[in-house]
Amino acid sequence: MTTALHLARPEDLDRIAAMVAGFHAETGIETTEAARRAAIGPLLEGIPHGCAYLIGPARAPLGYVIVTFGWSVECGGMIGSVDEIWLRPAIRRRGIASDVLDALPKALAGAGLKALHIQVDRANAAAQRLCGRARFVPRETHVQMTRLF
């Protein structure tokens, strides 16, 4: 199975914002519609810090994935992080997310990325299995820590 990824553009804001709202509601992330749109808009306009892809047909996407970019001396250059990946509940468990996580490194390596990170909830065994099938490995010696401001 090969699932199409389409780089999202400014005209996709309404579609992506609705899906992000769905993801945030499912996972308990509390944001406002205005805050979501303010965070998504620059990604669709070509900001160099990340991008958003529509998963499946561009006109009726099955979901989305957002990748942000950074730099790592350890990894040898530019890296990406899967910030969010979400599929409509009705089409989950069909291998689509696996396809996406398999396709992303191939697509991003062409842009010079050296590594791709993904963060999953420690209690979400299904997400950990999904990422393992896509050849992501846990870094047992690392704990991600965050300071919000």
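Colleague: Which elements do the buried residues of α2 pack against?

Modeller: In this predicted model, the buried residues of α2 pack against the helix α1 (13–27) and the strands β2 (50–55) and β3 (63–72). The residues in question are Arg36, Ile40, Gly41, Leu43 and Leu44, and they are called buried because each falls under 20% relative accessible area.

Colleague: What puts these buried residues of α2 on the same side of the helix?

Modeller: The residues concerned are Arg36, Ile40, Gly41, Leu43 and Leu44. They cover an arc of only 155° around the axis, and therefore they lie on the same side of α2. A general point stands behind this: an α-helix has 3.6 residues a turn, so residues three or four places apart point the same way. The face of α2 that is turned away from the buried side carries the exposed residues Ala34, Ala38 and Ala39, where exposed means over 50% relative accessible area.

Colleague: How do you know that the length of α2 agrees with its number of residues?

Modeller: Helix α2 covers residues 33–44, which is 12 residues, and at 1.5 Å a residue these should span 16 Å; the end C-alpha atoms are 16 Å apart, and therefore the two values agree. After the helix comes glycine 46, which has a positive phi, near 100°.

Colleague: What covers the buried residues of α3 and of α4?

Modeller: For α3, the buried residues are Ile96, Ala97, Asp99, Val100, Leu101, Leu104 and Leu108, and what covers them includes β1 (5–7), β2, β3, β4 (77–87), β5 (115–118) and α4 (125–133). For α4, what covers the buried residues includes α3 and β5, and the residues themselves are Ala127, Leu130 and Cys131. These cover an arc of only 95° around the axis, which puts them on the same side of α4.

Colleague: Why does leucine 5 count as partly exposed?

Modeller: Its relative accessibility is 23%, and therefore leucine 5 is neither under the 20% limit for buried nor over the 50% limit for exposed. Leucine 5 lies in strand β1 and, leaving out residues up to four places away in sequence, touches Tyr53, Leu54, Ile55, Val65, Val100, Ala103 and Leu104.

Colleague: Is glutamate 84 buried or exposed, and how do you know?

Modeller: Glutamate 84 has 11% relative accessibility, which is under 20%, and therefore this residue counts as buried. The residue is found in strand β4. Apart from neighbours within four places in sequence, glutamate 84 is in contact with Val20, Phe23, His24, Tyr64, Val65 and Ile66.

Colleague: Why does arginine 93 count as exposed?

Modeller: Arginine 93 has a relative accessibility of 78%, which is over 50%, and therefore counts as exposed. Its place is in the loop between β4 and α3, and its phi is positive, about 65°, although arginine 93 is not a glycine.

Colleague: What is the corresponding reasoning for calling arginine 135 exposed?

Modeller: The relative accessible area of arginine 135 is 62%, again over 50%, and therefore arginine 135 is exposed. This residue is found in the segment after α4, and its phi is near 70°, a positive value in a residue other than glycine.

Notes. Residues numbered from 1 in each chain as written. Predicted model: local features only at pLDDT ≥ 70, side-chain atom pairs only at ≥ 80, totals over all residues. Heavy atoms only, no water. Helix = DSSP H or I, 4+ residues; strand = E, 2+ residues; numbered from the N terminus. Expected span 1.5 Å × (residues − 1). Buried < 20%, exposed > 50% of the residue type's maximum accessible area, 1.4 Å probe, protein only. Arc of directions from axis to C-beta. Contact = heavy atoms within 4.5 Å.
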